[in-house]
Amino acid sequence: YDATEYIDDAINEVLRTLSETLFIVIVVIFLFLGSLRAVIIPIVGIPISLIGAVFLMLAAGFTINLLTLLAIVLSVGLVVDDAIVMVENIERHLHEGKRPFQAATEAARELVGPIIAMTITLAAVYAPVGIQGGLTGALFREFAFTLAGAVIVSGVVALTLSPMMGAKLLRSGDSER
C-alpha cells in the first residue's frame with residue numbers, strides 16, 4: 001500500500017481546480033469590466049492575496065494539506081471582490097473627468113470604510129469555525145483561518161495596491177465599448 005499516490009493525485013486535482021478557478025475568474029472579470037487594463041488590477045491582487053494567505057499559514061504553523069488547499073481554492077473568488085469594487089469606483093471617477101491619480105485617491109478614500117467592513121465581515125464568518133471546540137474545530141481550524149487570512153490580506157491589497165495600479169493603468173474612456 002502506497003499512500004503517496006493518493007496524496008499526489010489529490011494535490012494535482014487541487015492544483016488543476018485552482019488553475020481552472022483562476023481562468024474562470026479572469027474570464028468573468030473581463031466580461032463584466034470590459035477592459036484588459038481594468039482586468040489586470042484584480043488579477044494581480046489574486047496571487048498577492050494567496051501568497052499572503054500562505055505566509056499567514058506559515059506564521060501560524062499550519063501545514064499544506066487538503067483542507068488548506070481547499071481554502072486557497074475557495075478564497076480565489078473572495079479575494080477578488082475588493083479589488084473589483086475599487087476598480088469600478090476609480091472608473092466612475094475617471095468618467096466624471098478626473099485625472100487618474102486624483103480618481104484613484106478619491107476612490108480609495110471613499111471605499112476605506114466599506115472595504116474594511118466587507119473584510120471584517122467575511123473574516124468574522126469563517127473565524128468562528130476555527131475556534132470551535134471538538135472534532136469539528138480540530139478538523140476545520142486551518143481551513144477557517146486560511147480563508148480568513150486570505151480575505152484580510154485581500155482587503156489590505158485592495159486598499160493599497162489596487163488604487164495605485166488604477167492610477168497608473170486606468171485611463172478615461174478605456175471601458176467604453
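Read along the sequence, this protein goes α-α-α-α-α. That makes five helices and zero strands, where helices (H or I, at least four residues) and strands (E, at least two) are DSSP runs numbered from the N terminus. What you have open is a predicted model, in which local features need pLDDT of at least 70, side-chain atom pairs count only at pLDDT 80 or more, and totals for chains, interfaces and linings use all residues. Residues are numbered from 1 along each chain as its sequence is written, and side-chain values use heavy atoms, with hydrogens and water left out.

**The whole chain**

Start zoomed out. Along the principal axes, the C-alpha atoms fill a box of roughly 65 × 30 × 20 Å. Of the 177 residues, 40% are buried; here buried means under 20% relative accessible area, exposed means over 50%, and partly exposed is in between (1.4 Å probe, protein chains only).

**Stop 1**

Select F23, I24, V27, V28, F30, L31, F32 and L36. Together they form a nonpolar patch on the surface, with about 870 Å² of accessible area. Such areas come from the Shrake-Rupley method with a 1.4 Å probe, and for residues only the protein chains shown count as cover. Patches take residues with over 30% relative accessible area and no salt bridge, joining like charges within 9 Å and nonpolar side chains (Val, Leu, Ile, Met, Phe, Trp, Tyr) within 5 Å. Helix α1 gives the largest share of this patch, seven residues. Click on F30, which sits in α1: it counts as partly exposed because its relative accessibility is 37%.

**Stop 2**

Now select S35, in the loop between α1 (3–33) and α2 (36–60). Is S35 buried or exposed? It is buried, at a relative accessible area of 2%. Show its side chain together with the backbone of R37: a polar atom of the S35 side chain lies 3.3 Å from the backbone nitrogen of R37. That is a polar contact, meaning a pair of N or O atoms within 3.5 Å; within protein, one must be able to donate a hydrogen and the other to accept it, and residues adjacent in sequence count only if both atoms are side-chain atoms.

**Stop 3: along α3**

Go to N65 next. At the start of α3, one of its side-chain oxygens reaches to within 3.1 Å of the backbone nitrogen of L67. Helix α3 has 30 residues and reaches 45 Å from its first C-alpha to its last, close to the 44 Å expected at 1.5 Å a residue; the expected span is 1.5 Å times one less than the number of residues. Where does α3 bend? Look at S75, where the bend is about 40°, taken as the angle between axes fitted to the seven residues ending there and the seven starting there. After α3 comes G97, whose phi is positive, near 100°.

**Stop 4: the charged network**

Side chains of opposite charge can pair when their charged atoms come close. The structure holds six salt bridges, each a side-chain nitrogen of Lys or Arg within 4 Å of a carboxyl oxygen of Asp or Glu. Select R92, which is partly exposed at 36%. Its side chain meets that of E96 in a salt bridge (3.1 Å, N to O), and E96 is itself partly exposed, at 46% relative accessibility. R92 also forms a salt bridge with E110, with the closest N and O atoms 2.7 Å apart. This pair links distant parts of the chain, 18 residues apart: R92 in α3 (residues 66–95) and E110 in α4 (residues 100–131). E110 counts as partly exposed, at 39%.

Salt bridges that share partners join R92, E96, K98, E106 and E110 into one network. K98 is partly exposed at 21%, and E106 is partly exposed at 22%.

**Stop 5**

Then pick L170: the two C-alpha atoms are separated by 9.5 Å, although the residues are 69 apart along the chain. Finish by colouring α5 (residues 134–169), which has 36 residues and reaches 49 Å from its first C-alpha to its last, close to the 52 Å expected at 1.5 Å a residue. Centre the view on F140 for a kink of about 55° in α5.
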